[in-house]
Amino acid sequence: MMRIMAVVGARPNFVKMAPLIHQLEKKGIEWELVHTGQHYDEVMSKVFFEQLGLPKPTRYLGVGSGTHGVQTGKIMGSIEELLMEGKYDLVLVVGDVNSTLAAALAAVKIQIPVAHVEAGYRSFDMGMPEEINRILVDRISQILFAPTETAVLNLINEGVKKERIFLVGNVMIETLISQMKHVKRPKSCNLPESYSLLTIHRAENTDTKEKMASIIEGIKTADTTLYFPMHPRTKHKLEHHGLMGELESIPNLIITEPLGYLEFQYALSNAECVLTDSGGIQEEALFHKVPCITLRSNTERMVTLRYGANRLVGSSTRLISSALKDVLHTPHTSWPLPPMWDANVSERIVSRIEEHGELLCLPSNDLISP
Ligand code: UD1
């Protein structure tokens, strides 16, 4: 009987893991859900468990915030202890956050195989902590679940053996499909009739005062109301840079606490457009058919660009301003959903794990082609 340890730590992990846990449960596979505590605030963690019907974690590591090294190291140590306690056949990780890397690294070092969901995304920007996490996790995983054809190609180009890669679609979209009937209007603040949604949290933007100032100048030109649920990191950094007053003085900007999953999806699905530096939101916007303006100079979500659902503007005031004008004043054509971005992604993943036990036993020198 197979025993799986599923590890989550940060907000986007909860969204991706929910259907996988439900599927393991449905198939009668024994699982343990470990929450590292990378995200710990009620609005960043608890509300997601409640709204997505995720069971209470069986273990909570409470590592909290810290520098990359401290956070990753603490998680590794704690996961290793848990793994030594029980007989686990597989560690299941999702996405690209520090908790994902730490869990995968702790597992393979003691010869426990790893399955990575959302394998193969690449921004080709090693300045991004998530890119480092993605590359390393894929390199040490025994079974890799890719959301798109491009992700599969990225893995093959890096030498990962084809037999270990499965194109399964996007598990975050499965969550979205199953939750659409439950989305609800945010209570905390009046959502205007017509607005654009804004999210910023990525270190490459928040940690540099000049970049944040440039983004603020760009959004000042918006010919629309902007609705901005603010990530705690962004709040700390704006205060630190002395830019909060400047932001709050923008008349058509509404700042709120981070939203729950169901409230956020409501706000996204009804927005005229979204400005974001998140990865997952680029894909959720594609699903909702809401045009996306990405406040980054690259993306690992290439499919959103290829479908014409997204454009990259970085932190440039001029590019933000012209993209907003373009998106708000020109009717956009719609786009389809990429193959297998449907309601059966977790079913495919868990079936492949059940069918390919041999991949979990092969010696680790067999991971990449010679
Ligand atoms: C992490 C992920 C990022 C993901 C994001 C989703 C990494 C390297 N980054 O970034 O890929 O897109 O989660 O939100 O893993 N904080 C709180 N309360 C919390 C959590 C964080 O106040 O519950 C604050 C703390 O000041 C902390 C800061 O946010 O230092 C950053 O948190 P951290 O987990 O290090 O990374 P994120 O920026 O959230």
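Helices (runs of H or I in DSSP, at least four residues) and strands (runs of E, at least two residues) are numbered here from the N terminus. In helix α9 (residues 209-220), Glu217 and Lys220 lie 3 residues apart, about one turn of the helix. The structure is a predicted model, in which local features need pLDDT of at least 70 and side-chain atom pairs count only at pLDDT 80 or more, while totals for chains, interfaces and linings use all residues. Residues are numbered from 1 along each chain as its sequence is written, and side-chain values use heavy atoms, with hydrogens and water left out.

The side chains of Glu217 and Lys220 meet in a salt bridge, with 2.9 Å from N to O; the term stands for a side-chain nitrogen of Lys or Arg within 4 Å of a carboxyl oxygen of Asp or Glu. Glu217 has a relative accessibility of 36% and so counts as partly exposed, for buried means under 20% relative accessible area, exposed means over 50%, and partly exposed lies in between (1.4 Å probe, protein chains only). Lys220 is also partly exposed, at 36%. Elsewhere, salt bridges that share partners join Lys16, Asp96, Glu118, Glu131, Arg134, Glu283, Arg296, Glu300 and Arg301 into one network, and the count for the structure comes to 29 salt bridges.

Two further salt bridges can be followed in the model. Lys46 pairs with Glu50, the closest N and O atoms being 3.4 Å apart, and these residues stand 4 residues apart in helix α2 (residues 42-52), so about one helical turn separates them. With a relative accessibility of 44%, Lys46 counts as partly exposed. Glu130 forms a salt bridge with Arg202, with 3.0 Å between the closest N and O atoms. Because Glu130 belongs to helix α5 (residues 129-140) and Arg202 to the loop between β8 (196-199) and α8 (203-206), the pair ties together parts that are 72 residues apart in sequence. Both Glu130 and Arg202 are buried.

Helix α5 also holds Leu136, which at 41% relative accessibility counts as partly exposed. Together with Met126 and Ile132, Leu136 forms a nonpolar patch on the surface, with about 260 Å² of accessible area in total. Such patches are made of residues with over 30% relative accessible area and no salt bridge, with nonpolar side chains (Val, Leu, Ile, Met, Phe, Trp, Tyr) joined within 5 Å and like charges within 9 Å; the areas come from the Shrake-Rupley method with a 1.4 Å probe, and for residues only the protein chains shown count as cover.

The next topic is the aromatic rings. The structure holds 4 aromatic pairs, where rings of Phe, Tyr and Trp (its six-membered ring) pair if their centres lie within 6.5 Å, and planes under 30 degrees apart count as stacked, over 60 as edge-to-face and the rest as tilted. The rings of Phe14 and Phe48 have centres 6.4 Å apart and planes at 50°, so this pair is tilted. Since Phe14 lies in helix α1 (residues 11-26) and Phe48 in helix α2, the pair ties together parts that are 34 residues apart in sequence. Phe14 is buried, at 0% relative accessible area, and Phe48 counts as buried at 4%. Phe14, Phe48 and Phe49 form one aromatic cluster.

Helix α1 bends by about 35° at Met17, and a proline, Pro19, follows within four residues; the bend is the angle between axes fitted to the seven residues ending at a residue and the seven starting there. Just after α1, Gly28 takes a positive phi of about 70°.
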